[in-house]
Amino acid sequence: RLIHEIIPESGWVHDWTKEENQNGKYVQIDLDILIDEIIIGPFSPSWLHELVSDLVRKYDINKPIKKSRLSK
């Protein structure tokens, strides 16, 4: 997860109408630095693991994909 703080130029409210994306802010980031590992739910179906694996290959993210140990 990434949290990026926006400090408004004036006051407490940021004017999102001035942003390219009014639902958030585009942030240029190197995913290889941001992501340490990818964890999916312990009861996730195998197709989800395959889907995540395909995305990891597509975007050249060389990080391990693991199932969560929670609830096991």
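Is arginine 57 buried or exposed, and what is its relative accessible area?

Author: Arginine 57 is exposed, its relative accessible area being 59%; buried means under 20%, exposed over 50%, and partly exposed in between, with a 1.4 Å probe and protein chains only. This is a predicted model, in which local features need pLDDT of at least 70 and side-chain atom pairs count only at pLDDT 80 or more, while totals for chains, interfaces and linings use all residues. Residues are numbered from 1 along each chain as its sequence is written, and side-chain values use heavy atoms, with hydrogens and water left out.

Arginine 57 forms a salt bridge with aspartate 54, and their closest N and O atoms are 2.5 Å apart. The term stands for a side-chain nitrogen of Lys or Arg within 4 Å of a carboxyl oxygen of Asp or Glu. Side chains of opposite charge can pair when their charged atoms come close. Aspartate 54 and arginine 57 are 3 residues apart in helix H2, so about one helical turn separates them. Helices (H or I, at least four residues) and strands (E, at least two) are DSSP runs numbered from the N terminus. Aspartate 54 is partly exposed, at 43% relative accessible area.

A search of the whole structure finds 3 salt bridges. In one of them, the side chains of aspartate 32 and lysine 63 meet at 3.6 Å, N to O. That pair links distant parts of the chain, 31 residues apart: aspartate 32 belongs to helix H1, and lysine 63 to the loop between helix H2 (46-58) and S2. Aspartate 32 counts as partly exposed because its relative accessibility is 40%, and lysine 63, at 21%, also counts as partly exposed.

Glutamate 37 and lysine 66 also meet in a salt bridge through their side chains, at 2.8 Å, N to O. Here too distant parts of the chain are linked: glutamate 37 lies in the loop between H1 and strand S1 (38-40), lysine 66 in strand S2, and they are 29 residues apart. Glutamate 37 has 34% relative accessibility and so counts as partly exposed. Lysine 66 is partly exposed as well, with a relative accessible area of 41%.

The loop between H2 and S2 also holds aspartate 60. Its phi is near 55°, a positive value in a residue other than glycine. Aspartate 60 has 57% relative accessibility and therefore counts as exposed.

The segment after strand S2 (65-67) contains arginine 69, which is exposed with a relative accessible area of 75%. Its C-alpha atom is separated by 6.3 Å from that of proline 42, although the residues are 27 apart along the chain.

Back in helix H1 (residues 31-34), leucine 31 has its place. At 35% relative accessibility, leucine 31 counts as partly exposed. Together with Val27, Ile29 and Leu34, Leu31 makes a nonpolar surface patch of about 290 Å². Such patches take residues with over 30% relative accessible area and no salt bridge, joining like charges within 9 Å and nonpolar side chains (Val, Leu, Ile, Met, Phe, Trp, Tyr) within 5 Å; the areas come from the Shrake-Rupley method with a 1.4 Å probe, and for residues only the protein chains shown count as cover.
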